[in-house]
Amino acid sequence: MRFRSHEKTGRNDPCPCGSGKKYKHCCLPRSVSTLPAPVTPDTPWSRQRDASDHLNAELERTLKREFADSVLDAWMDFNQDDDPVSLSEMPHEASIFSPYLLFEWNPEKTLPRGKAKPQGGVIAQSYLKKAADRLSPLELSILEQAITRPVSFYEIVRVHPGRGAVLRDILTGEETEIEEHAGSEMMRPGDVLYGQLWILPDVATLGRLAPIPIPPDRKVDIIKLRAQLQRKMKGQNRELTAADLTRYSDAIRRVYLDIRDALSKPPKLQNTDGEPFLSHKIHFRIQSAQSTFDALASLAYGVTREELLEEAEWNADGSMLRIEFAWIKKGNKMHASWENTVLGHLKISEKTLLVEVNSVNRAKQIREEIAQRLGSQATHVGTETESPEQMLKRVRQRKALRGAEEKIDQDDLMRDPKVRRQIEAQVQKQVEGWIRTKIPALGGRTPLQAVADPDGREMVEALLEGWERHYEEPHGGSLVRPDINALRRLLNLPVKMESLKK
């Protein structure tokens, strides 16, 4: 197609084509190039997209015209919180909140009884009263799906990049093959989506979708929700259905909100006893290095006095100058396979004692031990604490000052086959001890206990998948990647073939 020249027409002048619009909003964009616009294939998926875009635009006009002052109320209802984080601080949440607002939100919401279908929110109802007769059959079908279909959790089973995916509703078990073009490029089997499926006559697709994929290990929370809902259905002697999910939409969304908020917060660092990490440097004034060592040496469980003294430094007259050793206890309450746990470090030097521990509880314990063992021979001088955030900031500043050339090259250490084998064996031993460790996410059961029932088995598999994902990331936190398939074998779970190929 050729376009007539508009060289003398200003950007803000009326368009010469007679449309009544300004030139910049009408023919100017087309005049930049004579290349024909790309043609979108006429398919059920493209028709559905066009119809849903038109429907959303109409509902947004109704929102602005009649309910503009109600968005904050809807945002509070969506978050089930009277004082939620502002939507302006979470703009990405619009992808899941906007459909809730347009199709579902009702300030006087009542639960549907029996088999009654949801009637939609106040915005959708207001729009239907005035425009129902103007909607095409496809738009009416989309509106019905948006109002009546449940918003649920879907595990990605298979992906066909650029075309679509197979999703499994974790709550009902129903599998659906959807068409999804750009979105499927970023999907990954094992991830979980919080969203709504539209099952239209010629295509199934995602009608609404939360902005972030949920990692596999968070599926544990969803399985717990499923167990709760199934118990409710057991009294009625039937299976959980999609219609039930619409009745329990608030409970389902509550789980999504909890997962969303947990994923947005930085992880809480813990020590090997599961206590919040807070570095302590506890300073004491002492009477002598020797008497202090004599009183505290037995804190190093499993290490003889003679072995500790091998690291001591002595004055010329044979008296002790300084010594350092670890505070060690037998076993570990979180890791049953551990023979011992290092709780802290003690540094005795002439008239001073410095104890370093990494939690409030350990700091309290060691002060009680010192008071009991040394009494008036040790005087507490002061304690310095440092949070993980403060520690990270200090380390970064120190690295910036000393330069990258002083960075410890751990790769050099790992190139030694003997050292690497030792480290790999140690890490694998610790990892395999996990199967006998009581896990809060499993209700205090060990993985070995949890796999005995179907829900627990699925939870353990989700945790292993999440663990494996963690080690795939560049920040996985370890130079050694443990063999997670070894845990699957110990737990009698299916081995992942993709892991064997890596």
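**View 1. Tyr-194 and its aromatic partner Phe-153 in the predicted model.** Tyr-194 has a relative accessible area of 4% and is therefore buried, since the cut-off for this class is under 20%. Phe-153 likewise counts as buried, at 0% relative accessibility. A pair of aromatic rings is described by the distance of the centres and the angle of the planes. For Phe-153 and Tyr-194 the ring centres lie 5.1 Å apart and the planes stand at 45°, so the pair is classed as tilted.

**View 2. An aromatic cluster formed by Trp-75, Phe-78, Phe-97 and Tyr-100.** These four residues make up one cluster, and a search of the whole structure finds nine aromatic pairs.

**View 3. The second largest pocket, with about 670 Å³ of space.** The lining comprises 31 residues, of which Ser-95, Leu-206, Gly-207, Arg-208 and Leu-209 are the closest to the centre of the pocket. Two or more lining residues come from each of helix H2 (44–66), helix H4 (94–104), strand S4 (192–199) and strand S5 (204–209).

**View 4. Composition of the lining of the second largest pocket.** Helix H2 gives the most to this lining, contributing seven residues. By residue class, the lining divides into 16 nonpolar, eight polar and seven charged residues.

Note on methods. Residues numbered from 1 in each chain as written. Predicted model: local features only at pLDDT ≥ 70, side-chain atom pairs only at ≥ 80, totals over all residues. Heavy atoms only, no water. 1 Å grid on protein atoms, 1.4 Å probe; cavity = no way out; pocket = protein on both sides within 12 Å on 5 of 7 lines; lining within 4 Å. Points joined across faces, edges and corners; volume = space filled by probe spheres on them. Helix = DSSP H or I, 4+ residues; strand = E, 2+ residues; numbered from the N terminus. Nonpolar A, V, L, I, M, F, W, Y, C, P; charged D, E, K, R; others polar. Phe/Tyr/Trp six-rings, centres within 6.5 Å; stacked < 30°, edge-to-face > 60°. Buried < 20%, exposed > 50% of the residue type's maximum accessible area, 1.4 Å probe, protein only.
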